[in-house]
Amino acid sequence: MSTVPITKHGAQLLKEELHRLKTKERPSIINAISEARAQGDLSENAEYDAAKERQSFIEGRIADLEGKLGSAQIIDPLTLEADGRIVFGSTVHLEDLETGDKVTYQIVGLDEADLKDLKVSITSPIARALIGKFAGDVVGVQAPAGVREYEVLEVRYI
């Protein structure tokens, strides 16, 4: 089984979700199933069917999270020694050379990517173009509208 990179923060979020599912959601759904069973005929019991479906979802998510955490290679950006090079976990400040817009991204694992939080997946085109570059480098990124050029302003490990 291969390892999957994830930041320390991303792993913590997955662990918290797993804990919540096991300690709150699972017992709650077991109670809901018991109550629905007590109502009698299960063949026409919508509450029972809904509870069983929810239980199936929760158990699937628990298995998924346990698998992800089991194969995770947890990387703490604070401990990286990449000598200013962009690597997994880096926070990168960029300037779009065409528009002058500035943006900051953190390169994270696939499960933690969230563009609203400015976290891009290591597999995204922008992250692939940035890996290995340094502050001052100009990077061409293939976007749907064509190639965009960015200058790397700063690389941080936070």
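What follows walks through the fold of this predicted model, from its sheet to its helix and its cores.

Residues are numbered from 1 along each chain as its sequence is written, and side-chain values use heavy atoms, with hydrogens and water left out. Because this is a predicted model, local features need pLDDT of at least 70 and side-chain atom pairs count only at pLDDT 80 or more, while totals for chains, interfaces and linings use all residues. On that score (pLDDT is the predictor's confidence in each residue, from 0 to 100), the protein has a mean of 92, with 99% of its residues at 70 or more. Confidence is lowest in β6, at a mean of 92, and highest in β4, at 97.

Now for the sheet. Helices (H or I, at least four residues) and strands (E, at least two) are DSSP runs, numbered from the N terminus, and two strands pair if DSSP finds at least two bridges between them. Five strands make an open sheet with mixed pairing, in the order β5-β4-β3-β7-β6. The edges belong to β5 (119–121) and β6 (138–143), each of which has a single partner strand, so one side of each lacks a neighbour in the sheet. From one strand to the next the twist averages 45 degrees, with axes taken as lines fitted to C-alpha atoms (for helices over the stretch in contact) and angles running from 0 to 180 degrees between N-to-C directions.

Going across the sheet, β4 (residues 102–108) pairs with β5 in the parallel sense over three bridges, and here Ile-107 sits opposite Val-120 of β5. On to β3: this strand runs antiparallel to β4, joined by five bridges, with Thr-91 partnered by Gln-106 in β4. The hairpin of β3 and β4 has five residues between the strands, and in it Gly-100 takes a positive phi near 80 degrees. Strand β3 is also antiparallel to β7, through six bridges. Thr-91 stands opposite Arg-156 in β7, and Asp-96 has Tyr-150 as its bridge partner there.

Burial comes next, where buried means under 20% relative accessible area, exposed over 50%, and partly exposed in between (1.4 Å probe, protein chains only). Five of the six residues of β3 are buried, so this strand is largely enclosed by the rest of the structure. A nonpolar core is a set of buried Ala, Val, Leu, Ile, Met, Phe, Trp, Tyr and Cys residues joined through side-chain atoms within 4.5 Å. The largest one has 18 residues, and those touching the most other members are Ile-86, Val-92, Leu-94, Ile-107, Ile-126, Leu-130 and Val-152. Two or more residues each come from β3 (91–96), β4, α3 (125–130), β6 and β7 (146–156), with α3 giving the largest share, four residues. Leaving out residues up to four places away in sequence, Ile-107 touches a list that includes Ile-86, Val-92, Val-120 and Leu-130 (contact means heavy atoms within 4.5 Å). Apart from that core lies another, of 14 residues, among them Tyr-48, Ala-51, Ile-58 and Ile-62.

Those four residues are also listed as buried in helix α2, along with Leu-65 and Leu-69. The buried residues of α2 pack against α1 (8–38) and β2 (72–75). Helix α2 (residues 46–70) has 25 residues and reaches 36 Å from its first C-alpha to its last. That is close to the expected 36 Å at 1.5 Å a residue, the expected span being 1.5 Å times one less than the number of residues.
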